[in-house]
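Here is a short report to read alongside the coordinates. Please take a look at the structure first.

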Amino acid sequence: MQAGGVNISVNELESTVKKALAGLGFPYGADAEGAAMTRTLECAGLGGVQLLLGALPQLRRHGFPRAMPLVNGAGGDWFDGADVASVALAPAVVDFAVQHGKSTVQNAGCTLQNGGRGLWFAAAALEAASPGVWFTVRWRAAEREWRATVDGDVMLLSSRPAVGDSAALTVTRHGKLPAPPPGNPHLTAEQHRRRRQRCFAEGIKIAGGDWRQLKKLAALTLVPATAASRTQGAGGGDAND
């Protein structure tokens with residue numbers, strides 16, 4: 001383990017992230033989706049916690065979007081994700097792709113290592129996939145075109161030099177298993193399975209500073225203690241006590 005790091009269970013990570021997102025203003029349901037995606041990325045070795053913490057400035061600046069309108073443009077239907085953190089936007093886009101077959105996100109480019117923001121959409125697709133429902137997620141980052149193929153059990157991730165207009169992020173639903181992503185492989189099916197099994201068996205290693213920051217955000221959901229609450233204890237003294 002790295003110096004100053006902590007080892008936590010998958011369930012503890014997911015529950016803490018859920019509380020942290022609730023503390024940041026995510027509504028019920030959206031906090032659980034964000035926590036599941038963070039867990040998915042951590043178990044795949046793709047740095048879900050660091051990606052989440054990297055989105056904090058955007059989340060604090062714009063908050064959780066109360067509406068993500070669908071825009072009908074010349075290129076078809078798309079979501080404008082310029083000011084929306086991907087951890088909030090990805091589940092809505094994947095849901096739309098499930099219903100309509102394909103969704104495109106404009107202005108959702110990213111510059112973080114390993115594809116950055118686009119990884120949230122791959123994680124959301126993995127959470128939504130089921131037998132007979134597969135996805136391909138494609139985006140551009142750092143002059144490379146990234147592709148993730150998700151088949152309901154594993155994520156395959158590859159990249160290659162970007163060519164042409166590949167800036168828009170697309171989420172495509174397939175009725176049959178798509179071909180593996182082309183290019184330089186970063187995550188194979190076998191690697192994904194092994195990493196996930198190891199996480200559930202041995203826990204997840206998180207940098208100490210990152211874990212403390214998550215816990216601090218999770219504490220935002222706590223109600224300040226008062227003399228009355230200390231007297232009444234859990235339950236608050238309502239009729240169900």
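The sections below cover model confidence, aromatic pairs and one arginine.

## Model and confidence

This is a predicted model, in which local features need pLDDT of at least 70 and side-chain atom pairs count only at pLDDT 80 or more, while totals for chains, interfaces and linings use all residues. Residues are numbered from 1 along each chain as its sequence is written, and side-chain values use heavy atoms, with hydrogens and water left out.

The chain has a mean pLDDT (the predictor's confidence in each residue, from 0 to 100) of 82, and 81% of its residues reach 70 or more. Over residues 109-115 pLDDT stays under 50, and the model has 16 contacts (heavy atoms within 4.5 Å) for them beyond four places in sequence. Residues 232-236 also have pLDDT below 50, with 4 contacts beyond near neighbours in sequence.

## Aromatic pairs

Rings of Phe, Tyr and Trp (its six-membered ring) pair if their centres lie within 6.5 Å; planes under 30 degrees apart count as stacked, over 60 as edge-to-face and the rest as tilted. This rule gives 2 aromatic pairs. One involves W139 and W146: the ring centres are 6.5 Å apart and the planes lie at 10°, so this pair is stacked.

W139 is buried (under 20% relative accessible area; exposed is over 50%, partly exposed in between, with a 1.4 Å probe and protein chains only), at 1%. W146 is buried too, at 6%.

## Around R160

R160 is partly exposed, with a relative accessible area of 30%. Its contacts beyond four places in sequence are R144, E145, R147, P182 and G183.
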